[in-house]
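I am opening a notebook on this structure. The entries below follow the order in which I looked things up.

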Amino acid sequence: MQQAPAGQVAAVMEPMPAQNTLTIERLKAYYINEHYGVKREIRAVDDISLVVRRNEIYGLAGESSSGKTSLIKTLAGAIRPPMRVIDGSVTFNFGGESVDVYRQPDKMRAARWRHLSYIMQGSMNVLNPVRRVKYSFRDFALRHMDKDDFQQRLEAHLLRLQLDPRVLEAFPHQLSGGMRQRLTIALATICEPEFIVADEPTTALDVLVQQDVLALIKEVQQRLQSSVVFVTHDMSVHAAITDRLGIMYAGRLVEEGPTGQMFANPQHPYTAHLIGSLPRIGDLRIRKSLPGRPPALFDPPGGCRFHPRCPLAIERCSRESPEMLPSKTNGRVACHRAGEAEVA
Amino acid sequence: MLSILRDLLRYNREFLAGSILLGIILVMVALSFVSPYDEGVMFAAPPDMPPSPEHWFGTTSRGQDVFWEMTGALRNTLAFGVLVAIISRLIALVVGLVSGYLGGKADQAIMALNDTIGALPHIPILLLVYFVLRSQMSWVILAVVASLLGWSYDSRLIRSVALSLRHREFTRHAVFSGMRTSQILIREHLPYVVPIIFFTAMNNLIWAIGLEVTLSILGFCDINRPSVGGMIYWANAHSAMVSGIWWWIAFPMIFVVTLFLGLFMLAMSINEYIDPRSRLARMGA
Amino acid sequence: MSVNVLELEHVSKFFPVGGLFSRRKLQAVNDVSFALSAERAEIFAVVGESGSGKSTIANMILGTELPSSGHLRFGGVDIATLTGRKAREAFMGQVQPVFQNPFEAFNPLSRIDQYLFATAHRFAGADTPQRKHAVADEVLQRVGLSMAEIAGRFPHELSGGQLQRIAVARALISKPKLIVADEPVSMIDASLRMSIVNLFRALRDDLKVSIIYITHDLATAYYISDRVIIMRRGVVIEQGEARAVLDNPTHPYSIALKNAVLPPDPIRASAIIRARGTRIHGAIESF
């Protein structure tokens, strides 16, 4: 992150590049299901506020049904009825120009792929199986770029990512899963977007390939200085590449902070549990799981959503939902007893 | 059961409309049992009378009250269609499920038989049967033969669902739970197949009624039994349109349309209700 | 000399691939041999990445695939000779599977206790609803659940961890000697995995059930297995006592595999990724 060197006055009247590329304010997005008189409101994203800065990888962690995939889809503007945004806003900042995803849909559409691209789960299947790879690139990227030197730029892009341009002539089924995934990342970054959203991009891959893909994502992000929101339930992946980490539980954000601090000194009991329950090679200490299960999102517990399973729960937790307040580890945490959690 | 009906009636417009239309038909069918005229008797009423308070739908050139004739006709035609639909559904279901589940060579053999039967032309075969069995011909035999011809297309649909279900994880699990093949087919696979059955039953019913009407118009039916097709046959024979006796043709047409529309709407709405995906959505999955 | 519970003797399996004009063989499993003794219950881990042949081995042990060459013996009897329904059923009673995807393992339209009741009926001789209920409750208690909690529920009402535990409970009804678990925890949230993994440990220690634990996850394999076998493209790379092999792997592939596991520790994990660097990845792979 840029900072003016101490003692020097910024004499030139240049606008500083905006620090925050994404601002989410009090976002609420629910699935509203109505069948035969039974109305169900599934609160997948329930009052979330967060900020993602330039040149950082923000990780979103949480178990299944925590709402993290719903949050990703909502912030990319990729939701459809019965899921709707009920309240709040999602605002991107692309090179100084702000785009409100839901109030400026036309601007948002123009910005897609050029400023915002995504790598979705199972995106290895994004490549059309009956056409050569190069056509997928053309379909996605040609309209954003200059047609004359498209081929050249494409090949240069692949070479920079250490991918042999001959791959363009292949059909997807001739390539391995890892290779397809690397191509998908190339596809997502060819327009050099400021913002990349990645939803479990390495989940279905072999361990060795996973590392290559992560290294690739990191390298691309550093070169483009873009922001990445990286969703995965695998805490080791978060440990490996994210700069900041947000933990979601039952549609809400419970803790957020710099990754190193989150692992070393988790402030929220759920974070402590997530990190403590991971097995490591060479470590034979007994590890336990939390009792119970994540709550159903249409009928969440009152007060703090985590209180039925929380080892530190007190009476206040069942009545009062905690606010996201600054934490001791340079982040935020929503817990009445923040900081008292112990890591196993 | 009742609560399902109540839900459907209250929240599903199509079901309501379909029920009303079909209700009209069923009322007509019920009335056929209390008809003041004996069926098939000619000249029981003054012929060629337009609709009037005495004869609500008028009378035909053969001296039959169109209204009461309609009630009998609807009953017979519906009975024919329903019988065909039931028998052919059963055949299609068994063939499709078994073939899809067994797979491999058994599947290929069964499907070869299936496609051969499907390629047979229906009307000529029915005509052949009619000629061969002329004196012992009855509508039941006709219905059975028609249903033996009408199952082949739908069994392929059911088979494709069965094939995909075979590869699903819970089928493997069921095998290791010790469930026998028949149990797996009935308990695990049937719920997925039922929506197709419903939908194809609708198609089949229309086809069967159309078949009956066609044959009747051509004259290959029991002329003493009133049927929708039969009425149109006689109306044609007496050149009803030309003579201006529009009510003889109009009312059968209106009721056929009502019947089809009612069945269609019912089938659509029930289908949507029992479709596994919408069931899962209602359960909250 | 006691008969081995399970014995694989030079087992190989290949699949024909390719079209009409170029049929080739894909060697899924190549000359694998190991044995599980009947003396002690043990957890035997088969570790490998995708394409290593581990799932094919699982299928051969369960009898859903036949080996191209070699023999698989259960209790001294060659599995390939178990044709006919009675023999198959007797075998299934002794060898039960736990599959990877707990969400797909149960028909979403059926209530979950139906599977337990069906297995109780077939393998535990439970005829009456009360008996079935009792049998189901007993196995559920062993996995930390109970009929009271899950009776009448549909699969979507339960979490992955609970579903998998029910799958294990179902596998226990017939009192099997061997459970074949094919990637049982890979689709479950990381924080819930340990409950299943600990469960396997309890099954071995308390119920004396041997378990073939197939996984790509070295960490859990390290945690519970007694012996381990590492496979790559159908070939056994290394095998032996679990701690010994995983603490000090000797083969380069095993070493790479162990080092590839990202530890849940930011400093070490990010260092591994940084050091990964980049190479030319241009090779187009075909069969």
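**Entry 1: a pair of strands in chain C.** I began with strand β4 (residues 69-74) of chain C, which pairs with β5(C) in the antiparallel sense over 2 bridges. I noted that two strands pair if DSSP finds at least two bridges between them. Helices (H or I, at least four residues) and strands (E, at least two) are DSSP runs, numbered from the N terminus. For R73(C), I found the bridge partner D78(C) in β5(C).

**Entry 2: conventions.** This is a predicted model, in which local features need pLDDT of at least 70 and side-chain atom pairs count only at pLDDT 80 or more, while totals for chains, interfaces and linings use all residues. Residues are numbered from 1 along each chain as its sequence is written, and chains are lettered from A and ligands numbered from 1 in the order in which they are written.

**Entry 3: the sheet around that pair.** I looked up the strand order and got β2-β1-β4-β5 (chain C), an open sheet of 4 strands with antiparallel pairing. β2 (24-36) and β5 (77-78) of chain C each have a single partner strand, so they stand at the edges with one side lacking a neighbour in the sheet.

**Entry 4: β7 of chain C.** I checked strand β7 (residues 178-182) of chain C for cover, and 5 of its 5 residues are buried. Buried here means 20 or more other C-beta atoms within 10 Å of the residue's own, exposed means 12 or fewer, and partly exposed lies in between, with C-beta atoms placed from the backbone. In a regular strand the side chains alternate between the two faces of the sheet. In β7(C), L178(C), V180(C) and D182(C) point one way, and I179(C) and A181(C) the other way.

I then listed the partners of this strand. Strand β6 (residues 95-98) of chain C runs parallel to β7(C) and is joined to it by 4 bridges; Q96(C) has I179(C) as its bridge partner. Strand β8 (residues 210-215) of chain C is also parallel to β7(C), with 5 bridges, and there I214(C) stands opposite D182(C). From β7(C) the chain reaches β8(C) through helix α7 (residues 190-206) of chain C, in a right-handed β-α-β crossover. Right-handed means that, with the strands pointing away from the viewer, the path from the first strand over the helix to the second runs clockwise.

**Entry 5: chain B.** I counted 13 helices and 0 strands in chain B. Its C-alpha trace spans about 75 × 50 × 30 Å along the principal axes. Of its 285 residues, 39% count as buried.

**Entry 6: one residue of chain A.** I found R54(A) in the loop between β2 (38-53) and β3 (57-61) of chain A. Is R54(A) buried or partly exposed? R54(A) counts as partly exposed because it has 19 C-beta neighbours inside 10 Å. I also noted V228(A), which is 174 residues from R54(A) along the chain, with 8.7 Å between their C-alpha atoms.

**Entry 7: chain A against chain C.** This contact takes 48 residues from chain A and 41 residues from chain C. Two residues are in contact if their C-beta atoms, placed from the backbone, lie within 7 Å. On the side of chain A that touches chain C, α6(A) gives the largest share, 8 residues.
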